[in-house]
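Trainee: I am new to this structure. Can you walk me through it?

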Amino acid sequence: MNLEFLALGGLGEIGKNMLVFKFNDRFLVVDAGVKFPDEKTPGVDLIIPDFSYLVANREKVLAVLLTHGHEDHVGALPYLLQQVPAPVFGTDITLGLAEGRIKELGIDWNATPVTPGDTLHLGPFSVEFLQVTHSVPGCVGLAIKTSLGTVIYSGDFKFDQTPVDGRKIDLARFAELSRQGVLCLLCDSTNAERSGFAPSEQKVKAVFEEIFRSAPHRIIVTTFASNVHRIQQIITTAHEFRRKVLIDGMSLVRVVSVAQELGYLKIPEGTLIKTEDLSRFPRKSVVIITTGSQGEPLSALSRIASGEHKKIKLEPGDTVVFSADPIPGNETLVAETVDNLFRQKAEVIYGPFSDAHVSGHGFSEDIKLMINLTRPRYFIPVHGEYRHLVRSARLAQQMGIKESQVFILENGDIVSFSPGRAFVKGRISISANFVDGLSVDDLASTVLRERQHMAQEGIVVLLTYINRKKKKIIGPEIHFKGFLPEKIALEIQEELRQQVILVLNQCIGENLALNACKQKVREALQKTIFKKLKKRPLILVDLLEENEHE
Ligand SMILES: [Zn+2]
Ligand SMILES: [Zn+2]
């Protein structure tokens with residue numbers, strides 16, 4: 001009997017983390033995360049893992065285990081549960097953070113809170129939850145035990161010896177497990193390129209104190225909504241410097257209320273104020289915590305920066321602090337926001353000139369310590385772009401794990417463990433799924449992205465009729481808007497027309513539904529246009545059936 005492991009997401013990318021374990025024909029799923037779109041995926045709100053492998057085995061999925069409440073681990077959960085309604089387990093705050101979108105989409109779920117140290121018995125597996133430290137409270141690693149041995153998944157982690165909430169990583173338990181023998185370690189590799197240990201979250205506190213001491217006027221701090229420890233440190237510092245705190249931005253308000261309710265956030269009485277109270281307090285006695293650390297065009301911070309925020313206006317002497325690093329891909333948006341804030345005459349503390357952020361992911365020494373602590377037979381780096389996985393794998397080899405016992409995988413690669421042996425058995429083919437937004441806010445940002453896209457890449461409109469009975473294609477007419485000089489357009493037009501006719505004839509031959517035909521035509525156009533012009537225009541296919549009689 002073999003134990004199989006594969007990732008449906010999170011390998012070779014930052015985001016949509018999702019791991020699957022199969023033993024004795026039963027499946028365990030760990031995390032179901034989203035990835036945020038970038039310039040490669042215009043008009044899309046979210047990218048989620050391809051669940052088809054699990055949907056095909058849905059009766060055999062015993063549980064979905066959540067390591068922590070970050071979107072790249074829980075954001076796709078509602079979409080998974082719609083297709084694979086398995087029971088969900090995670091710590092109270094993880095479930096609290098995951099619940100928002102589940103409720104929003106009106107999905108029933110069967111969720112059970114666990115406490116670090118708990119062990120669940122699920123079919124042929126038993127799973128122990130191990131407390132780790134990261135940038136959100138209630139983060140756990142997992143020890144997944146089967147009769148073949150124990151696989152440890154580190155979860156997102158760093159060794160923070162002085163965590164803000166005092167809940168330290170359970171070193172003793174990791175060491176005990178290692179004494180009993182660890183078959184394989186799956187290790188967070190996000191920061192494998194960075195040397196040394198990741199600094200403690202506490203390090204940011206002194207930086208905030210310095211900023212609060214010298215800021216003459218209002219302070220605005222932007223951070224990730226889920227970074228409860230950071231929010232705690234800002235609130236504590238504000239309280240020490242007798243400033244009131246305004247929490248601005250929907251996701252922040254939600255996280256603060258969940259964390260406060262579950263006791264993960266301690267807010268001194270009378271510290272929080274509402275937007276309408278802002279004018280009642282002198283500028284120097286207010287701190288605003290807001291979203292928008294990634295330069296998101298619709299966020300409160302972007303609107304403040306462009307002077308379009310209705311309630312919050314900047315004045316000279318105000319200080320804006322970026323307490324987050326840009327996620328790769330967001331650098332330009334962040335830089336624009338910083339520029340605009342400077343234009344508003346605010347002081348901006350950001351990026352290379354600031355220590356107001358530390359990462360929640362361990363650096364290379366943390367990874368080495370994790371390897372040394374668990375002493376696994378096999379090592380699989382997870383949670384990282386491909387180069388991070390390679391770096392992490394090299395650390396393991398430096399520590400004496402043989403190259404043949406280290407697996408650098410892609411999403412979909414299946415590793416099979418049998419007594420005394422492990423090998424890559426093969427792979428399942430997976431693609432990413434895209435989600436269009438449902439709420440008005442999401443829709444607005446979709447439209448916005450589409451517009452940006454059209455502005456940069458142009459539009460192609462195709463109009464054509466098909467008559468299946470007569471196996472006839474009328475048209476097609478192809479129009480280009482906004483990206484091609486007329487001469488080139490005329491040159492390529494005929495070639496694309498011929499291609500569309502070819503594709504449609506095939507579709508008629510296979511008697512495909514109209515929507516499938518549209519999709520085939522769109523894909524063919526996309527491919528050719530990109531090959532010829534290196535452009536990705538928005539392609540609108542208006543394909544109609546001609547049914548009337550002669
Ligand atoms: Zn993560
Ligand atoms: Zn995380």
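Mentor: Start with terms. Two strands pair if DSSP finds at least two bridges between them. Helices (H or I, at least four residues) and strands (E, at least two) are DSSP runs, numbered from the N terminus. The model is predicted: local features need pLDDT of at least 70, side-chain atom pairs count only at pLDDT 80 or more, and totals for chains, interfaces and linings use all residues. Residues are numbered from 1 along each chain as its sequence is written, while chains are lettered from A and ligands numbered from 1 in the order in which they are written.

Trainee: Which are the edge strands of the open sheet of six strands?

Mentor: The pairing is parallel, in the order 15-14-16-13-17-18. An edge strand pairs on one side only. Here the edges are strand 15 (272-273) and strand 18 (347-349).

Trainee: What is the bridge partner of V245 in strand 15?

Mentor: Strand 14 (residues 244-248) runs parallel to strand 15. Two bridges join them. In strand 15, the partner of V245 is L272.

Trainee: Is helix 14 roughly parallel or antiparallel to helix 15?

Mentor: Axes are lines fitted to C-alpha atoms, for helices over the stretch in contact, and angles run from 0 to 180 degrees between N-to-C directions. Helix 14 (residues 486-509) packs on helix 15 (residues 514-533) at about 150°, with axes 10 Å apart. Angles under 35 degrees count as roughly parallel, over 145 as roughly antiparallel, 65 to 115 as roughly perpendicular and the rest as oblique. So helix 14 is, relative to helix 15, roughly antiparallel.
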